[in-house]
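Hi everyone, thanks for making time today. Let me put the structure up on the screen so that we can walk through it together.

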Amino acid sequence: MNVVVFGKGFGKPRQVNLSGGAALCAAALIAGSLCCAAFAGGYWYSSHNGSGMSLAQVESLANELAAQREAIDATRQQTEDTMDALAIRIGQLNARIIRLDALGRRLTEMADLDDGEFDFDSEPALGGPEEPSLAATAMPGEVLTAMRRLDQQLDDRETQLAALESMLMSQNLVDRVYPQGRPVKSGFMSSFFGRRTDPFTGKTATHKGIDFAGKAGTEVIAVADGIVTWSAKRYGYGKMVEINHGNGYSTRYAHNSKNLVSVGDEVKKGQTVALMGETGRATGPNLHFEVLKGGHQVNPVDFIRQSAE
């Protein structure tokens, strides 16, 4: 193998003859030098032209992608939890609105308001000019805050409506248990409360009720709600019904031909409790009607007149 060597120090080119093992070593050395030069040149080119990436850089990018994936999963789970919470709160608010609507309808009936004045079966009418929106889109946190405010407002309205219902019910109860009205469907007042001439003895006596004369069998009606505490014969009264109305008031209905209620029965204002007759100390078909307050007879005319006002 002949090798030609060029260089300044040699003057003119010289030829070296290599053979055998020396030739192989020289060839291997030259090939290795060329490979190293090629590798170094390729690395320099790739690093300066940005087309290559180290293993550490690849691992860093992989870790960053994994972290982003975890963040996306956490955000998705948080969004799902928020939507579930919104659905639950909306269901609870809807149930409370249904209860408030029912309460409003009861109050409307109790207050005897005109039909249509408060319509709890339809959406209330609204109006006003269009105003610019404060935000294009409400975030879930803002929605939850708004729903909490609405929940508090519903609490306040529910409390107010319950107080109004209690007040109206109390007023309605007072009206129904307070003796008012005529105790008969038909007939006329034949004897007043106070001093009068006794129809049996002809002497002056105190009459502790008022009498209504009428036809036998005329309906006798309760003048207030209450509980029957007497329904039987009683000396001087004949067949009598006594009703306790509470608050110290009670009423008596005497001389009946037939009692239609029993002791312990709950009666309503205007309910028929007996039929007019002439049992007991009576000169003909009539109703002897008494009003008692605190166990003492008072003038029933005052209560009848109040119902007519």
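Predicted model: local features only at pLDDT ≥ 70, side-chain atom pairs only at ≥ 80, totals over all residues.

Residues are numbered from 1 along each chain as its sequence is written, and side-chain values use heavy atoms, leaving out hydrogens and water.

So, the overall picture. The chain has four helices and 14 strands; these are DSSP runs, at least four residues of H or I for a helix and at least two of E for a strand, numbered from the N terminus. Of its 309 residues, 23% are buried, where buried means under 20% relative accessible area, exposed over 50%, and partly exposed in between, with a 1.4 Å probe and protein chains only.

Now please look at strands E4 (residues 194–197) and E5 (residues 204–207). They run antiparallel and are joined by four bridges; pairing takes at least two bridges found by DSSP. Arg195 stands opposite Thr206 in E5. Six residues lie between the two strands of this hairpin, and Gly202 in the turn has a positive phi of about 80°.

Which residues lie nearest the centre of the largest pocket? They are Arg196, His207, His255, Arg281 and His288, out of 25 lining residues. E4 and E5 come back here: along with strand E6 (210–213) and strand E13 (286–293), they each give two or more residues to that lining. A pocket here is an open set of points on a 1 Å grid over the protein atoms alone, where a 1.4 Å probe fits, with protein on both sides within 12 Å along at least five of seven lines; lining residues have an atom within 4 Å of a point.

Next, is His245 buried or exposed? With a relative accessible area of 5%, His245 is buried. This residue is found in strand E9 (residues 238–246), and its side chain makes a polar contact with that of Thr251 at 2.8 Å. A polar contact is a pair of N or O atoms within 3.5 Å; within protein, one must be able to donate a hydrogen and the other to accept it, and residues adjacent in sequence count only if both atoms are side-chain atoms.

Finally, Glu266 sits in strand E11 (residues 266–267) and counts as exposed, at 55% relative accessibility. Its side chain makes a polar contact with the side chain of Lys268 (3.2 Å).
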